[in-house]
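User: Could you take me through reading some aromatic features, with the general idea and then the case at hand?
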Amino acid sequence: METSAEATPSSPKGKQPKALTLLTTILDTVLVPILAVFSALVIGGLLIVVTDAAVYAAFRAGGVGAGLTTAWQAVALAYGALFSGSLGDANAISESLVASTPYIFAGLAVALGFRGGLFNIGGEGQLLVAAGVSVIIGYSFQLPAIIHLPLALLGGMLGGALYGAIPGYLKAKTGAHEVINTIMMNYIAFRFFSWAFTGPLRRPGGDVPVTQEINPSAYLPKIFEGYRFHWGFFVALLVAFGVWWLLFKTTLGFEIRTVGANPNAARYGGIRITRTTVMTMAISGGLAGLAGANEVLGLNHFLADGFSSGYGFDAIALALLGKSHPLGVVLAALLFGTLRNGATRMQSIASIPIDIISVVQALVIVFIAAPAIVRWIYRVKAKSDLESTTFTRGWGA
Amino acid sequence: MSTAALSATTSAIKEKRGIGMGIFFLAAALAIFVLFALNSTADMTTSFGLNPGAKTNAPKLESWVFSTQNALYLLAIVVAFIGGWQLARGFKRVNLALLVVAMVFIFAFLTWAARDTSMNLLGMFSASLLRAAPIAFGALSGILCERAGVINIAIEGMMLSGAMVSVVVASIFRNYDAINPATGAPLFPAWLAGIGQTLDNYNMSNALPWYLILGLIGGMLTGGILAAFHAWLSITYKVDQIVSGTVINIFSVGITSFLSQRFLQPIQDLNSGGTFKRLPIPGLSSIPIIGPLLFENSFIIYLLFILVIAVFVMLFYTRWGLRTIAVGEHPEAADTLGINVFKMRYVNVILGGMIAGIGGSYFTIGSVGRFDEVLTAGKGFIGLAAMIFGKWNPLGAFGASLIFGFADALQQKLQIFQENVPIPSEFMLMAPYLVTMIVLAGAIGQAIPPAADGQPYDKD
């Protein structure tokens with residue numbers, strides 16, 4: 001990670017004027033992500049074309065020209081629907097922001113883990129636990145909104161934090177790798193809740209396995225009448241700022257980054273590795289938890305099986321795309337939320353399965369994680385040597 | 001710290017753990033007594049069926065009927081004795097004692113669960129093996145990769161893609177003369193149908209048709225290709241191995257769901273590949289109990305048996321295996337001795353991917369014969385857990401897979417015994433994950449991965 005770049009003063013660039021240096025640095029930072037997203041969308045387009053029977057028919061009937069025209073039309077229809085579905089009108093924009101909100105939280109969770117040298121792949125479980133806690137607080141109490149909503153949000157966050165702290169503790173104390181433990185804990189959470197929805201959390205009198213509705217005092221309120229856009233988005237932005245502040249302006253943040261960059265140096269420097277590791281995983285889990293709390297308090301208002309649609313895994317792509325920087329994560333989350341939302345309309349208009357977005361996401365991660373590929377395709381020279389991509393160490397380390 | 005002090009500390013830790021184990025065994029004995037024995041009455045009988053459900057070559061056996069409560073008293077005494085011995089004298093191999101206690105406890109639980117009714121014990125063991133198979137394929141795949149020092153969390157994705165490709169390949173060569181429902185024209189080009197026709201004339205046998213073999217090869221190659229990609233990213237480009245694996249997982253979920261919705265759902269003839277039928281081995285399948293359990297399975301299960309033994313032998317008794325282990329433990333040293341680290345890692349990862357691909361085939365042409373979205377449902381990850389539980393040893397990992405498969409089969413069975421056992425099946429399903437975490441934390445012996453696991457090798 002380029003933690004070292006943040007921790008140490010940037011290498012001297014010579015006689016270049018300061019403004020120019022800054023500009024090239026920014027360009028250098030965003031160039032690969034932009035090219036990565038572009039390339040991934042191009043390959044996505046190719047996938048649409050090669051799986052379209054109409055294109056083959058056109059090639060056979062009208063030759064190369066007609067074939068290429070049909071191919072172009074297929075891609076244009078799909079990506080046109082993607083665009084209009086995500087940014088075409090006020091409702092589309094509202095929905096895109098709504099879809100981005102949990103991505104911001106979940107992306108921050110993974111990014112913070114990366115900074116600390118930990119791979120939190122357990123966002124799915126943490127956000128489910130958090131959503132559970134939030135829902136229980138949401139329907140059990142009758143409180144004024146000013147107390148009830150923060151209580152539900154914080155409760156969810158705490159739930160996620162505790163669930164995240166367990167693998168952190170196991171990692172610090174026994175060396176058990178957090179990737180395996182978080183994956184195991186995802187499944188434990190899934191099983192637990194699929195039992196709880198039919199048991200203690202089941203809506204009284206209902207015959208479907210869902211929880212009760214939360215009281216309106218715990219709702220994350222809508223901002224505009226008629227749109228689902230809610231305050232959760234601004235909570236997310238605030239939290240992103242908080243994470244930035246924590247990472248770069250506090251002692252704990254410094255410790256997290258130092259442990260992530262070089263645990264041995266951190267140990268010799270007097271940083272308590274155990275405490276920092278547990279804290280990193282707890283904060284990461286809390287952030288993932290906020291994603292769950294946000295969904296349940298802002299949109300669904302109850303909890304049911306199949307609640308999370310892979311936020312915890314998509315978050316890995318976000319953290320990589322955003323280079324584990326809170327601002328980068330927010331931008332990446334906006335992009336992915338927009339894509340995910342637009343894909344819904346693409347599915348209904350152009351009948352392109354929404355899962356193509358997962359393919360695009362995977363390609364984005366490949367291009368970001370192996371920047372050499374993008375640089376090779378576009379003949380871009382590497383400007384800096386900051387692109388080392390080792391986040392985690394072996395199972396036991 | 002001096003060696004003497006160190007060994008004193010180690011023995012102190014061992015002693016502490018020994019006492020803890022002894023108390024744990026006594027608690028297990030108490031649990032059998034209180035939870036099971038006292039919750040049954042003297043007139044109850046337990047009956048265990050010893051014949052698998054389907055027809056078999058083996059002679060039929062009488063069910064095993066005995067008094068529930070007396071058996072439970074006996075089992076509680078046995079476990080209490082083991083616990084007492086552990087406290088008083090201490091077993092040399094505590095983990096073996098733990099295994100025995102765990103097995104006795106499970107047997108006591110089953111005895112209690114089947115009180116006043118009958119449970120088909122052999123049927124459940126048989127189901128355990130079938131449920132363990134995909135986990136075991138995944139674990140073997142993980143062992144090959146990690147012994148060479150490459151973490152592979154993409155087993156799940158490789159299985160998923162392998163599952164889809166194998167059913168599509170099998171479907172194409174099975175339904176070569178199918179008609180496209182949309183156009184009314186033949187679904188497959190003439191040359192493909194020609195191949196299908198030709199091969200059809202050389203049909204092998206009912207249990208082992210060639211189209212399934214081709215499907216299996218297709219799944220295997222798919223896993224191999226994805227693994228090659230994993231190797232390319234993580235060995236050549238030194239991308240973090242977990243990132244690279246996650247890419248393959250996300251990609252596989254996306255591409256298989258995409259293609260499934262685009263092609264497999266509208267065109268059913270692309271998604272009906274048939275399944276491997278049971279292929280009893282003459283002679284061996286007539287042995288009571290063992291025969292129906294081990295030697296009346298399908299080809300793909302036999303393939304699993306062969307692979308478990310082959311990987312074990314190759315890993316520990318051949319030059320290739322020892323080089324693999326060297327590369328996974330200390331790549332620098334291996335390189336100095338003239339072993340090509342990159343090549344060893346590439347070969348192992350790709351072989352591992354091929355095994356994962358076969359595991360994927362099991363989900364479709366090995367069991368249900370059709371592909372559904374995300375049908376692997378995390379079995380690849382459990383395979384990884386089985387690998388750790390089995391301490392990176394093929395035989396151990398196979399044993400761990402059987403335990404996980406048994407937990408799965410048991411929860412299935414217990415849904416029928418709801419009245420006798422008021423435990424939600426979800427909790428039974430949690431058990432493998434919890435056990436994995438406990439093992440990984442070092443509570444039951446230490447699970448130590450290959451030393452260079454997860455570290456890219458830099459020749460400079």
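User: Is Phe107(B) buried or partly exposed?

Analyst: Buried means under 20% relative accessible area, exposed over 50%, and partly exposed in between (1.4 Å probe, protein chains only). Phe107(B) is partly exposed, because its relative accessibility is 25%, whereas Phe48(B), at 0%, is buried. This is a predicted model, in which local features need pLDDT of at least 70, side-chain atom pairs count only at pLDDT 80 or more, and totals for chains, interfaces and linings use all residues. Side-chain values use heavy atoms, leaving out hydrogens and water, residues are numbered from 1 along each chain as its sequence is written, and chains are lettered from A and ligands numbered from 1 in the order in which they are written.

User: What kind of aromatic pair do Phe48(B) and Phe107(B) form?

Analyst: Rings of Phe, Tyr and Trp (its six-membered ring) pair if their centres lie within 6.5 Å, with planes under 30 degrees apart counted as stacked, over 60 as edge-to-face and the rest as tilted. Over all chains the structure holds 39 aromatic pairs. Phe48(B) and Phe107(B) form a tilted one, with 5.6 Å centre to centre and 55° between the planes.

User: Which residues form one aromatic cluster with Phe427(B)?

Analyst: Phe192(A), Phe193(A), Trp195(A) and Phe197(A) form that cluster together with Phe427(B).
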